[in-house]
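Please read the notes below with the model open beside you. They are meant for someone who has not seen it before.

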Amino acid sequence: MFWKSWEFWQPANHIEEIIGILIAIGVFLLFLFLRKTLTKLVFTIILKLTQKVPGSLFTNITRAFEKPMHWLFIIIGLYIAVAYFPYWDKTNLLFLHLIRSSIIFIVGWGLFNLADASSALFTKINEKFHFNIDEILIPILSKTIRFIIVAITIAVIAEEFDYSVSTFVAGLGIGGLAFALAAKDALANLFGGVVIITEKPFTIGDWILTPTVEGTVEDITFRSTKIRTFADAVVTVPNSTLANEAITNWSKMNKRRASFSIRLPHDTSSEKIEATTRKVEDLLRNHPGVDQDYIVVKFDEFKENGYDILLYFFTKSTAWAEHLDVKEDVNLKILEILEEKDLSIAIPARQVFDTSRHEGPSPSRSTSSES
């Protein structure tokens, strides 16, 4: 038992017991209230002893172990306080197991936090030494390290209570078949994640389009991929689904297509059509935002209500807003060209039928409006 066996207080040791209780409470409260100060002191000493450690690494370590260190000093304060408490047996095995398990948990907690910060560490290492680690692998590597830390922490705590981890692992073989059947979907997602990581059809930050979803990739794990749509919602798609779908990666575009037609009225002369076509082509050939590798401006088709001039070109920028800026500028300059040539955009004609006095439709008047 935690508590020592004791009889009724005797006058001789009554004062000593009260003093012991007060000292125990005082020690515990001292560590409780000074835990932040003690943590800063420890980190300051470590920083002086390891001056060659990069500042960013030490900052990550400090953030990772700050809260665990607070609890470590509380545990230390509790252990010291028990030594002065007259009615608690500090040599009890269960109590010692709990103290040691708490320390193991605190260390594991700090390493778990540090593994989360390791994503930034891996990114800096990748940039400094040019290891060419893909951005997909960095968060997955961090998550894998965190999983290993949790597994090791649980195993060490289990061993502390004399529980054989090997027995537990051997027991998994008995229900291995049932476990495999239950985890069929999880395994499919796992292999889908491996396909995405190895083939790399996209990475974090890419804008992708699939039959399921369209948006920007925010996170990739072995089980699923999180995609933020343009409606600012986050969609979590199982990797097994993505691995079996056609994926269009718009972020891989080197340039962005623009294609539309200008429709001139039927009364436009052939000379004006040819001059307008050449003028628009010159505009695109000299525009700084238009890629010059492939530009098409041609008198394309005869339509019922006009003549179509086809424009087909690519903008240098693939960013949506910049792409629209280039298109807007091109459209405004095309309007200036049409004004110079005294031309207007053809407006399709519509016929309106009056059915109020006839059994069947008969044309009553003709109007013009935009389609």
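1. The model is predicted, so local features need pLDDT of at least 70 and side-chain atom pairs count only at pLDDT 80 or more, while totals for chains, interfaces and linings use all residues. Residues are numbered from 1 along each chain as its sequence is written, and side-chain values use heavy atoms, without hydrogens and water.

2. Helix α1 covers residues 14-33; helices are DSSP runs (H or I, at least four residues), numbered from the N terminus.

3. Glu17, Gly20, Ala24, Val27 and Phe31 are the buried residues of α1 (buried is under 20% relative accessible area, exposed over 50%, partly exposed in between; 1.4 Å probe, protein chains only). Seen down the helix axis, the buried residues fall within an arc of 90 degrees, so they line one face of α1; the arc is that of the directions from the axis to the C-beta atoms. On the other side of α1, Ile15, Leu22 and Phe33 are exposed.

4. Ile23 also lies in α1. Ile23 is partly exposed, at 35% relative accessible area.

5. Thr276 sits in helix α10, residues 270-285, and is buried, with a relative accessible area of 2%. Beyond its neighbours within four places in sequence, Thr276 is in contact (heavy atoms within 4.5 Å) with Ile309, Ile337, Leu338, Lys341 and Leu343.

6. Which helix gives the largest share of the nonpolar patch? Helix α3 does, with four residues.

Notes: Helix = DSSP H or I, 4+ residues; strand = E, 2+ residues; numbered from the N terminus. Expected span 1.5 Å × (residues − 1).
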